[in-house]
Amino acid sequence: MLAFCLARRYNKNLIHIRSRGFRLNKARNRVVRDEICYYCGEKSSTKEHIPPECFFPKGRKVELFTVPACEKHNNAKSKDDEYVKVLLTTSADLMLRKDLSYVIDKSERALERSPAFKATVLDDPEPALVIFPCGTSIPSTSHKIDISRLLNFFNSFARGLFYHHEEKVWKGSVEVALHFLLRPDAEEEDQLMNDELLEHYDRANSHGLNKNVFYYNFVTVFDDAPPSKILMYILCVCLFDKFKVSLILAPGPDLY
């Protein structure tokens with residue numbers, strides 16, 4: 001059974017929330033030899049796109065930004081990037097999205113080129129129905145999802161967004177709430193967590209010029225009790241205007 005991946009809960013009556021301003025430093029898109037990797041803090045030798053460049057349709061790669069990276073934390077995650085992109089873009093949720101046809105077609109071709117990759121993405125098929133808003137349905141199949149690859153992907157994603165905003169490496173853990181995988185029969189506590197996190201999404205005031213592909217809100221949560229301190233950061237990410245994921249970064253006492 002797919003679990004709703006979130007361990008931390010907070011009391012909304014004891015906090016106040018501030019959306020962070022967005023800054024885009026064009027100079028940061030150049031790899032500088034004395035810059036450090038966004039993930040591990042070691043010397044960088046390349047750059048990493050956030051989100052991966054392959055997620056964007058041809059001619060729509062606007063406001064792509066990069067963070068400095070070492071070889072390990074750029075190339076080593078490329079297979080997870082491709083897995084997540086193909087997993088999402090071949091889902092029934094996007095089958096009628098003409099604006100994403102270029103990316104969807106590339107994903108379909110990637111499956112056909114590699115039988116081994118296709119077996120990984122389309123693992124353990126079971127009969128399913130796709131139900132349209134009008135009420136009609138068509139037969140389809142569901143597949144087992146490799147949760148560990150999703151978590152690895154969004155862990156790196158969170159660290160990249162944090163580095164882009166704060167210009168420093170996130171040294172703590174990242175908790176991932178995969179809203180699009182929450183089961184209808186989830187426990188009440190998970191449902192409440194899900195609903196509270198979704199309240200932070202604000203598409204109209206989010207960052208990202210291609211919101212049909214990627215947008216996010218960067219939220220900082222403060223403790224109201226003096227002296228005010230940061231309780232956590234919440235990165236509200238939405239991919240392809242459909243798949244919402246909350247990334248929670250809670251500082252430990254040794255981080256700040």
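Mentor: A residue is buried under 20% relative accessible area, exposed over 50% and partly exposed in between (1.4 Å probe, protein chains only). This is a predicted model, in which local features need pLDDT of at least 70 and side-chain atom pairs 80 or more, while totals for chains, interfaces and linings use all residues. Residues are numbered from 1 along each chain as its sequence is written, and side-chain values use heavy atoms, without hydrogens or water.

Trainee: How many aromatic pairs does a search of the whole structure find?

Mentor: Rings of Phe, Tyr and Trp (its six-membered ring) pair with centres within 6.5 Å, as stacked under 30 degrees between planes, edge-to-face over 60 and tilted otherwise. Over the whole structure, the number of aromatic pairs is 13.

Trainee: Why is the pair of Phe162 and Tyr233 edge-to-face, and how many residues apart in sequence are the parts that it ties together?

Mentor: The ring centres of Phe162 and Tyr233 lie 5.3 Å apart and the planes stand at 70°, so the pair counts as edge-to-face. Phe162 and Tyr233 are both buried.

Trainee: What is the relative accessible area of Lys77?

Mentor: Lys77 sits in the loop between helix H1 (72-75) and helix H2 (78-89). Lys77 is classed as buried because its relative accessible area is 11%.

Note on methods. Helices (H or I, at least four residues) and strands (E, at least two) are DSSP runs, numbered from the N terminus.
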